[in-house]
Amino acid sequence: MSELGFGTIPILSGRVPVLPEYFSPDTDTAVAIMRKAFDYGCNFYDTAIPEEYGDAEYKLGEFVKTVDRSKVIISDKARFYGGGDIYREALRSAENLGTKPDIYFVHQVDDSNADEVFGPGGALDALYDLKREGKIGFTGIASHYYTVLYRAALDPRVDVLQGSGNILERGMLDRIREEAAFRDKGFILNKVYAAGLLIGPFTIAELIGGVHEYPFSCALLGVGTFEQCEDAFAKEYTPVHFEFEEVLERLRKNFEPIGCDRCEKCVCPYGHEIHTSFRQFNYFNLGKEFWAANKLKMDLEQTWKDCKNCNEKPCMKECSRHLYVPGEIERIHCLLDSFGSL
Ligand code: SF4
Ligand code: SF4
């Protein structure tokens, strides 16, 4: 597996609810971009079913026809949590790709669906069956949550994990690096560019070099143009270490970021996922205003009210960055208010 892999969101056409820019190249152009990456040494390509990544799965299938199949590794995924559903989707993906997926992930596993995924007759059992039947190569769990990835790391049915992180959102990667249970699994890292938002404050060399210290098998880079392909795959990258404060300092040239590293150690008894709100605040200021504002306003008003009345503030006891959580929620509330999103 190449150290850097090709994330196919930016080559999709259509309108799907994903964050990064996508460029809607036609199939021939998309295939040529993937081919260019291959020629530079990339051999890992990641996609998802059409409901999630538009026509990227078909385009990847067309690309695979142009190379020696044994020279590329394909991972695919679907957001289905029951065994019957994911079994059906994996077969449909194989049809769309025109070949067997080497890794098939249950996508977007979180606390609300994890018991179904890991439980008897759930998606993981189905992937394990598909693997034994030779219809997929390896089983995978993809999640933004440390608790889910840790559960997957301990589960012998799981071969590969996929999780997110970058030089800003590094808290989960720090925990994964420290936890021996993760050493037995493959680990695919996504969001190295934070959906493109960290490009600008940081160079691509810094973003890729900055994650080299973490124990991933392959880091996915979203690629939608020939230029991006060259930026991602044509160069050699040297590891570089950024202190977290240095990252924040760089962002401060444009705005005052919330210094949350998404370690996900904070737990709110009211169920508020504050690190996600903090992330959307930073993403808002990095240029995804409407997208982030829409996400932010979903739960923010209630969080703001609950934080005001929360005496114990248990989330703060676990916060490795010593954030004053109600104060940061207040900042987000003010931002949304001024943006007219409340
Ligand atoms: S201050 Fe209280 S209500 Fe607000 S996020 Fe923390 S634990 Fe939850
Ligand atoms: S708020 Fe603090 S504990 Fe929670 S994810 Fe961010 S840095 Fe970690």
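Contact, as used in this report, means heavy atoms within 4.5 Å. The structure is a predicted model, in which local features need pLDDT of at least 70 and side-chain atom pairs count only at pLDDT 80 or more, while totals for chains, interfaces and linings use all residues. Residues are numbered from 1 along each chain as its sequence is written, and side-chain values use heavy atoms, with hydrogens and water left out.

**Asp102 and its surroundings**

Leaving aside neighbours within four places in sequence, Asp102 is in contact with Arg69, Val72, Ile73, Ile74, Ile136, Gly137 and Phe138. Asp102 belongs to the loop between helix H4 (83-97) and strand E4 (103-106); helices (H or I, at least four residues) and strands (E, at least two) are DSSP runs, numbered from the N terminus. The relative accessible area of Asp102 is 17%, so this residue is buried. The class limits are under 20% relative accessible area for buried, over 50% for exposed and partly exposed in between, with a 1.4 Å probe and protein chains only. Asp85 is 17 residues from Asp102 in sequence, and their C-alpha atoms are 19 Å apart in space.

**The chain as a whole**

The chain has 16 helices and eight strands. Its 342 residues would give a compact globule a radius of gyration near 20 Å, and the chain agrees, with 20 Å. This radius is taken over C-alpha atoms, and the globule rule is 2.2 Å times the number of residues to the power 0.38. Along the principal axes, the C-alpha atoms fill a box of roughly 60 × 45 × 40 Å.

Of the 342 residues, 56% count as buried. Among the contacts with a separation of 6 or more, 74% are between residues 24 or more positions apart.

The domain assignment gives domain 1 (4-244) and domain 2 (256-339). The contact takes 17 residues from domain 1 and 16 residues from domain 2. Taken over C-alpha atoms, the centres of domain 1 and domain 2 are separated by 27 Å.

**Helix H8 and strand E6**

In helix H8 (residues 171-178), the residues Gly171, Met172, Leu173 and Ile176 are buried. Their cover includes helix H7 (146-154), strand E6 (160-164) and strand E7 (186-190). Strand E6 contains Leu161, which is buried, with a relative accessible area of 1%. The contacts of Leu161, apart from neighbours within four places in sequence, include Phe105, Ile141, Leu149, Phe182 and Ile188. Leu149 is twelve residues from Leu161 in sequence, with 6.8 Å between the C-alpha atoms.

Most residues other than glycine have a negative phi. Arg262 has a positive value, near 60°, and His322 also has a positive value, near 55°. Arg262 is placed in the loop between helix H11 (244-251) and helix H12 (274-285), whereas His322 is in the loop between helix H15 (314-318) and helix H16 (325-339). Arg262 is buried, but His322 counts as exposed.

| Residue | Relative accessible area and class |
|---|---|
| Leu161 | 1%, buried |
| Arg262 | 10%, buried |
| Asp102 | 17%, buried |
| His322 | 71%, exposed |

Methods. Chains lettered and ligands numbered in written order. Domains from an automatic or database assignment.
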